[in-house]
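Please show me how to read a few features of a protein model, one at a time.

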Amino acid sequence: MDIPRFGIPEKLAARMSMAEQHEYLRTKLTRRGMLRTSVATAAVAGAGMGTGLLTAAPAAAHSSSAHGSPTVLTSRSTTQVDGSLVAPFGRHLAYGADPKTQMSVSWQVPFAVKRPYIRIGLKPWSLSRRIDAEVRHLTTPTLNNGAIAAAEQFYVHASLERLQPGTTYYYGVGHDGFDPADTRNLGSLGTFTTAPSRAENFTFTAFGDQGVSYHALGNDQLLLGQNPAFHLHAGDICYADPSGSGQETDVYDARTWDQFLAQTETVAKTVPWMVTTGNHDMEAWYSPDGYGGQNARWTLPDNGPDPVGLPGVYSFVHGNVAVVALDANDVSNEIPANLGISGGKQTKWLDRRLGELRARRDVDFVVVFFHHCAFSTTNAHASEGGVREAWVPLFEKHQVDLVINGHNHVYERTDAILKNVVSRKVPIGERTDPTRDGIVYVTAGGAGKSLYNFPAPDTYEGHVHDQESVDTYYVAKGGVHAAETVEWSRVRYTGYSFLAVEVSVGTHPKMKVTALAESGERIDHFEVSRG
């Protein structure tokens with residue numbers, strides 16, 4: 001099982017919540033307990049450093065706190081680097097709650113920086129004044145006798161508002177000593193485009209379970225060719241904890257995030273990269289809920305359930321499509337580290353938000369994405385019973401048009417489902433109407449990590465295998481694997497792949513959903529339209 005518990009004995013971790021794992025790591029596995037329970041997430045802006053200089057912070061330069069409250073880190077290293085020699089990297093965009101007027105730009109620097117900022121403009125040679133940015137700092141000390149690597153990471157964020165809809169902006173990020181407006185640095189500029197004020201045709205892409213690999217990089221370049229307006233990442237983002245086995249021999253390397261963001265920058269510097277939280281994205285070292293690292297690395301819409309503060313729960317509307325992101329760790333029977341973390345508030349918010357979105361006259365389609373699969377048949381994880389119990393009835397109540405998951409490292413697509421059974425078969429190339437047929441669920445977990453397998457043969461476009469039923473299971477309460485024989489598994493593909501969804505507007509709006517293998521071969525397609 002992909003249980004994200006690093007440095008904790010397996011039998012102990014199996015019954016520990018994220019908060020208990022955080023306490024264990026902070027008190028038992030630090031170097032002689034010197035770090036105690038202090039939280040390693042803190043905002044720093046290069047206090048005490050000279051103009052144009054970057055100074056590295058030591059790995060353990062923070063004080064203890066009895067209640068795990070944040071502490072401010074101050075650089076104490078004498079190492080100084082001219083800021084003009086160090087360029088920002090790992091740029092990634094994210095929409096705000098209103099994609100027409102809001103965009104967040106995030107990036108990384110190798111050291112604490114003096115006065116980080118962003119410049120934007122309608123032309124690359126006409127950028128704005130400096131707009132201040134925020135630095136969020138993460139410290140990972142050496143743990144578990146060196147099995148967990150030490151790292152210092154500095155993430156910088158700028159949230160832009162009052163932008164013009166449907167407008168392409170040039171932007172550059174910098175700090176004292178590195179000015180993106182300098183002619184020597186113009187090659188570091190990026191662009192982004194806000195959502196249009198009126199609905200128009202567009203494409204978005206989606207996958208989950210990416211990590212760092214040649215396959216992940218290949219998928220990035222292929223989806224960039226689709227010219228997507230935005231991209232959905234259904235969790236298990238980079239796998240800094242690669243095994244998740246919960247044994248003392250686990251290796252956690254936060255520097256994998258550096259590799260991931262560098263790998264992804266070619267796309268994410270231009271395409272809003274909308275992520276949600278997978279089980280591998282719960283990192284117990286940084287905070288009791290496991291989301292301290294997620295909050296440091298990403299700035300996402302903050303319109304989720306209040307005051308829960310789950311970073312992977314939000315919604316936005318682009319054109320005629322409403323998108324809802326959920327954190328399935330909250331309802332997971334299989335991996336219960338954060339089971340019930342929202343106290344039911346996420347589910348209540350989901351019911352309310354789906355109702356609000358469905359009532360909007362400008363919204364034709366509602367798409368929901370999250371990590372754990374509602375319906376899948378792989379031998380690795382199969383289906384999550386907690387999702388079926390808590391959320392599937394709400395999807396059906398509000399006639400959600402498409403559900404996208406990761407977790408299982410394959411591509412799988414269902415027929416239209418109502419009340420856990422096939423309501424209408426949807427062969428490859430066919431059309432479905434959620435107002436009468438039910439909901440199609442897509443597992444798009446083939447983004448780059450090692451592949452899983454199915455209990456039945458693959459069946460996809462050009463290679464259809466005629467088998468109507470599959471013997472599989474779902475994870476019930478208590479982690480019990482409950483056997484079931486299903487007839488809803490319509491397409492199965494054991495390979496790396498991603499989704500491209502072409503959205504059209506007009507009298508008869510539709511979503512054309514296409515699954516592409518990393519070779520560019522089409523392995524599935526179907527159409528969603530209403531009425």
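This is a predicted model: local features need pLDDT of at least 70, side-chain atom pairs count only at pLDDT 80 or more; totals for chains, interfaces and linings use all residues.

Q: How many bridges join β4 and β5?
A: Strands are DSSP runs (E, at least two residues), numbered from the N terminus, and two of them pair if DSSP finds at least two bridges between them. Strand β4 (residues 89–95) and strand β5 (residues 103–109) are antiparallel partners over five bridges. Tyr95 has Met103 in β5 as its bridge partner.

Q: Is Gln108 buried or exposed?
A: Buried means under 20% relative accessible area, exposed over 50%, and partly exposed in between (1.4 Å probe, protein chains only). Gln108, which sits in strand β5, has a relative accessible area of 2%, so Gln108 is buried.

Q: Which side chain makes a polar contact with the side chain of Gln108?
A: A polar contact is a pair of N or O atoms within 3.5 Å; within protein, one must be able to donate a hydrogen and the other to accept it, and residues adjacent in sequence count only if both atoms are side-chain atoms. For the Gln108 side chain, the partner is the side chain of Asp258, at 2.6 Å.

Q: Where is Thr142?
A: Thr142 lies in the loop between β8 and β9. Its relative accessible area is 30%, so Thr142 is partly exposed.

Key:
Residues are numbered from 1 along each chain as its sequence is written. Side-chain values use heavy atoms; hydrogens and water are left out. Helices (H or I, at least four residues) and strands (E, at least two) are DSSP runs, numbered from the N terminus.
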